[in-house]
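Have the model open in a viewer with the sequence alongside. The tour below goes from one selection to the next and says what is there.

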Amino acid sequence: PAGQTGPSLFRVGCLGRLSSFSETDDGRYLVTLTGVARFAVAEEIEIRRGYRRVRADFRDFLGDLRPVEENSSSFDRDRLLSALRAYFSHRGFDANWDAINGMPDDALVVTLAMVCPFEPAAKQALLEAPTLADRAEVLLTVLQIDVHETPTDDSAPEPDRRRAS
């Protein structure tokens with residue numbers, strides 16, 4: 001439900017650092033944020049200069065500030081890459097598979113979570129996943145669902161969503 005300040009906020013957000021900023025010739029701004037740490041929204045506080053603000057609680061996400069240890073992940077990378085290949089093929093995306101295959105597990109999962117054009121609810125589920133392994137499992141599920149539910153072209157018929165009685 002919407003509040004007095006606008007649409008409801010998700011319960012988990014991400015603190016970002018402004019890592020680049022530029023203005024285009026047509027007056028648009030290109031802003032790149034680098035994620036620093038996730039937080040729980042403790043409460044929304046007074047709007048300042050037109051921006052919504054929250055009191056953030058970082059306690060559950062202090063691990064985001066520690067470097068990921070090499071080989072600390074515990075997910076099936078081959079299964080994830082197989083699902084990614086199917087997703088890219090289904091969507092008609094090209095990829096540099098040499099670069100993808102050479103990425104460390106943490107960079108692979110985080111990069112895919114950022115760049116894949118998932119719906120906001122899927123992006124939020126990825127953000128809220130507690131660990132890298134959990135995030136990889138959510139990513140795998142989202143990739144698999146997309147391949148099985150999204151028609152490959154606009155002429156594909158809509159699925160019959162009626163239930164058999």
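Predicted model: local features only at pLDDT ≥ 70, side-chain atom pairs only at ≥ 80, totals over all residues.

A residue is called buried when its relative accessible area is under 20%, exposed when over 50%, and partly exposed in between.

**Stop 1: helix α4.** Select residues 120-128, which form helix α4. A122, Q124 and L126 are buried in this helix. To see what covers these buried residues, display β1, α3 (105-115) and α5 (132-149), which are among the covering elements.

**Stop 2: the whole chain.** Zoom out and colour by secondary structure. The protein chain has five helices and three strands. Followed from the N terminus, the order of elements is β-β-β-α-α-α-α-α. Of the 165 residues in the chain, 24% are buried. Now consider contacts between residues at least 6 apart in sequence: 51% of them join residues at least 24 apart. With a surface drawn, the chain exposes about 12100 Å², and carbon and sulfur atoms supply 52% of that area.

**Stop 3: R77.** Select R77, which is found in helix α1 (residues 77-91). Is this arginine buried or exposed? R77 counts as buried because its relative accessible area is 17%, and the cut-off for buried is under 20%. Show the side chain and look for backbone oxygens around it. The side chain of R77 reaches the backbone oxygen of M103 at 2.8 Å.

**Stop 4: A83.** Stay in helix α1 and move to A83. With a relative accessible area of 9%, A83 is buried. Which residues does A83 touch, not counting those up to four places away in sequence? They are L140, L143 and Q144. For a distance to check in the viewer, pick the C-alpha atoms of A83 and V142: they are separated by 9.5 Å, although the two residues are 59 apart along the chain.

**Stop 5: the nonpolar patch.** Two strands, β1 (12-23) and β2 (29-48), each supply at least two residues of the patch. Which element gives the largest share? Strand β2 does, with three residues. Select L33, which lies in β2. L33 counts as exposed because its relative accessibility is 57%, and the cut-off for exposed is over 50%.

Stop 6: Finish with C14 and C116. C14 is partly exposed, at a relative accessible area of 41%, whereas C116 is buried, at 3%. How many disulfides does the structure hold? The number is zero.

How values were computed: Residues numbered from 1 in each chain as written. Heavy atoms only, no water. Helix = DSSP H or I, 4+ residues; strand = E, 2+ residues; numbered from the N terminus. Buried < 20%, exposed > 50% of the residue type's maximum accessible area, 1.4 Å probe, protein only. Polar contact = N/O pair within 3.5 Å; in protein donor to acceptor, adjacent residues only side chain to side chain. Disulfide = S-S within 2.5 Å. Contact = heavy atoms within 4.5 Å. Areas by Shrake-Rupley, 256 points an atom, 1.4 Å probe, with all protein chains shown as cover.
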